[in-house]
Amino acid sequence: MSRTIQKFIALVLCLAPFAGVGATHSQLALAEENAATAAGEAASCDPVAPARPRDSRQMTARIDQLLAADWAAAAIKPPAAADDATFLRRVSLDLVGVVPTVGEVRAFLADRDPQKRARLIDRLLASHLHPDHLATTWRNMMVPRGAGVDEFDAQAGLQNWLQAQFAKNQRYDQLVADLMVASGGSQEGPGLFYTAFDLKPEELAANTSRIFLGVQMECAQCHDHPFDRWTQGDFWSYAAFFARIGRGGDMQMGRGARLVDKETGEVMLPGTGTVVGPRYPRGDTPSRDDTGTRREQLGIWMVSRDNPFVAPAAVNRAWAHLFGRGLVEPVDDLSERNPPSHPEVFRELSAYFIETSFDLRNLVRTLANTQAYQAASVTGEDDPPADAFAWMLVKTLTPEQFYDSLMRSSLSATGISNAPTRQNLGSFDVARQTFVAKMQSPSASRLDYDAGVAQVLLLLNGPEVTSATSRPTSGLLAALDAPVLSDRERVEILFLATLAREPREQELLQSLARLTRAAADNIERSTALGDILWALYNSAEFSLNH
């Protein structure tokens with residue numbers, strides 16, 4: 001089949017989401033094969049791609065095989081597996097954003113099925129908390145820190161839209177395309193993404209390329225990129241796709257206002273007055289026959305099956321979400337000068353993501369089942385380099401993960417997953433939002449623990465921790481009043497609720513000694529148990545995902 005016919009089929013498939021054009025399985029397979037090849041070329045200079053497995057379990061095994069070969073070549077000892085308790089807490093935080101319950105911990109540890117980890121991953125991915133956690137993760141990535149903090153309506157609009165896409169497991173490429181053509185008010189969907197950048201073409205260009213293409217073009221805004229291929233003309237020709245976004249009617253952007261695409265509007269090369277027309281990052285310009293607004297043309301290009309950027313960028317972000325750093329690091333800097341740590345893994349995984357129709361949930365399942373993800377986080381004195389992924393890197397909890405885990409483990413009446421959605425906007429958890437705002441880290445890396453004085457004080461004596469460790473407000477401490485429980489069982493429950501593991505012998509003895517001293521001093525047992533719980537919440541182990 002000629003290249004022209006292949007391009008025609010790809011064009012039809014690109015237009016399908018917008019025009020309702022169908023496609024046969026053979027056409028889709030051909031177009032996705034072209035895209036897989038393009039992604040492979042983008043990820044590595046090696047033009048020969050081995051046969052790619054199409055089943056998730058086969059792909060998991062393939063990743064393990066490739067990583068094992070790299071470890072052997074680097075004389076790195078294969079990693080030991082994390083114990084069940086560590087794995088349960090890790091995967092729960094990564095997939096649903098909260099620590100497991102005491103019942104879940106006990107059931108998982110008692111389960112003797114050798115496939116229980118795979119079953120757990122499937123259960124978590126099917127949980128209603130998974131799309132909510134993903135929506136929170138992506139909302140924080142898309143909206144600059146601090147922007148729109150007080151705009152609960154807009155936050156809710158974006159959160160709801162993302163949650164709905166992830167809940168129905170929308171194709172990832174289609175999600176990106178839909179965002180590119182978003183209209184309506186900021187309260188109705190992804191409009192916040194545009195208003196957060198004041199509709200500025202240069203801001204939208206810099207951030208959409210960084211987030212969805214894995215390309216840092218912003219350095220080319222003022223001059224040709226000093227270390228990469230991007231020129232100033234590349235940047236502003238991409239920014240031209242956003243030059244015609246405007247405010248609806250006479251209203252200012254805000255409640256009730258709408259995004260519209262105007263008939264006119266251009267960008268100019270700074271300092272020259274030269275108008276720059278739209279051009280895709282690969283160098284192609286929209287055809288004269290292309291219809292629709294500039295953003296619609298960009299949306300079509302985003303879902304183009306030979307788009308070399310979208311799939312690798314998504315794969316790298318999914319990997320970084322689970323492993324703490326990307327195969328390419330920084331995660332938004334995919335370029336020839338910044339190669340992946342494991343080129344074959346990156347190339348084959350990007351091709352696999354395309355072959356599986358940009359199924360983000362399946363991609364996460366595939367990664368979570370790898371030996372690398374399930375490896376222990378503690379090694380010997382000579383740790384392999386972080387980019388070897390021969391041990392699990394320790395990640396800090398996000399403010400949302402910390403708050404929700406605090407509420408769940410203490411059996412707070414507030415509950416979890418109280419993200420700002422339209423449905424519960426009237427009862428929006430202001431305490432959660434306030435806690436999250438105070439706990440924001442200045443670092444974008446999950447591997448950095450850079451809490452300052454304000455964050456430490458919040459954990460030591462803030463209202464959330466105080467409430468969670470006080471008998472009148474902690475459901476967990478109230479439950480521990482049950483007379484059928486021994487002190488040993490009460491201590492075990494505290495550890496299971498917070499750290500998802502049994503206390504070690506020394507920890508158990510210290511805790512029981514604390515209860516004994518409290519009884520001698522006429523201190524109520526619930527107060528002493530609250531002190532133990534407070535120590536657990538302020539431990540490094542609770543603040544980290546290992």
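The following legends describe close-up views of a predicted model.

**Figure 1. Confidence across the predicted model.** The protein has a mean pLDDT of 84, and 82% of its residues reach 70 or more. Two segments are among those to be read with their confidence values in mind. Over residues 1-48 pLDDT stays under 50, and the model has 59 contacts beyond four places in sequence for this segment. Over residues 415-427 pLDDT likewise stays under 50, with 35 contacts beyond four places in sequence.

**Figure 2. The largest nonpolar core and the surroundings of F212.** The largest nonpolar core comprises 133 residues, and Y172, F212, F242 and W319 have the most contacts inside it. Helix α14, which spans residues 310-323, gives the most to this core, with 8 residues. When neighbours within four places in sequence are left aside, F212 is in contact with W138, M142, Y172, V176, L179, M180, F193, F309, V310 and A313.

**Figure 3. A nonpolar patch on the surface.** The patch is formed by V453, V456, L457, L460 and W534, which together have about 420 Å² of accessible area. Helix α19, residues 453-461, gives the most to the patch, with 4 residues. V456 lies in this helix. V456 counts as partly exposed because its relative accessibility is 38%.

**Figure 4. The salt bridge between D404 and R432.** The side chains of D404 and R432 meet in a salt bridge, with an N to O distance of 2.9 Å. D404 lies in helix α17 (residues 399-409) and R432 in helix α18 (residues 430-438), so the pair ties together parts that are 28 residues apart in sequence. Both residues, D404 and R432, are buried.

**Figure 5. The salt bridge between D55 and R57.** A search of the whole structure finds 26 salt bridges, and one of them joins the side chains of D55 and R57 at 3.9 Å, N to O. D55 is partly exposed, with a relative accessible area of 32%. R57 counts as exposed, at 70% relative accessibility.

**Figure 6. A network of salt bridges involving R504.** Side chains of opposite charge can pair when their charged atoms come close. In this view, R501, R504, E507 and E541 are linked in a network of salt bridges. R504 counts as partly exposed, at 48% relative accessibility.

Figure 7. E492 is found in helix α22, which covers residues 487-499. E492 is buried because its relative accessible area, 15%, falls under 20%. Not counting residues up to four places away in sequence, E492 touches E502 and P503. A500 lies in the loop between α22 and α23 (505-520). Phi of A500 is near 60°, a positive value in a residue other than glycine. A500 counts as buried, at 1% relative accessibility.

Figure 8. The peptide bond from E329 to P330 is cis, and its omega is near 0°. P330 has its place in the loop between α14 and α15 (343-355). F389 is found in the loop between α16 (360-368) and β5 (395-396). Phi of F389 is near 55°, which is positive in a residue other than glycine. F389 counts as buried, at 1% relative accessibility.

Conventions. Residues are numbered from 1 along each chain as its sequence is written. This is a predicted model: local features need pLDDT of at least 70, side-chain atom pairs count only at pLDDT 80 or more; totals for chains, interfaces and linings use all residues. Side-chain values use heavy atoms; hydrogens and water are left out. Patches are made of residues with over 30% relative accessible area and no salt bridge: like charges are joined within 9 Å, nonpolar side chains (Val, Leu, Ile, Met, Phe, Trp, Tyr) within 5 Å. Accessible areas come from the Shrake-Rupley method with a 1.4 Å probe; for residues, only the protein chains shown count as cover. A salt bridge is a side-chain nitrogen of Lys or Arg within 4 Å of a carboxyl oxygen of Asp or Glu. Helices (H or I, at least four residues) and strands (E, at least two) are DSSP runs, numbered from the N terminus. Buried means under 20% relative accessible area, exposed over 50%, partly exposed in between (1.4 Å probe, protein chains only). Contact means heavy atoms within 4.5 Å. A nonpolar core is a set of buried Ala, Val, Leu, Ile, Met, Phe, Trp, Tyr and Cys residues joined through side-chain atoms within 4.5 Å. pLDDT is the predictor's confidence in each residue, from 0 to 100.
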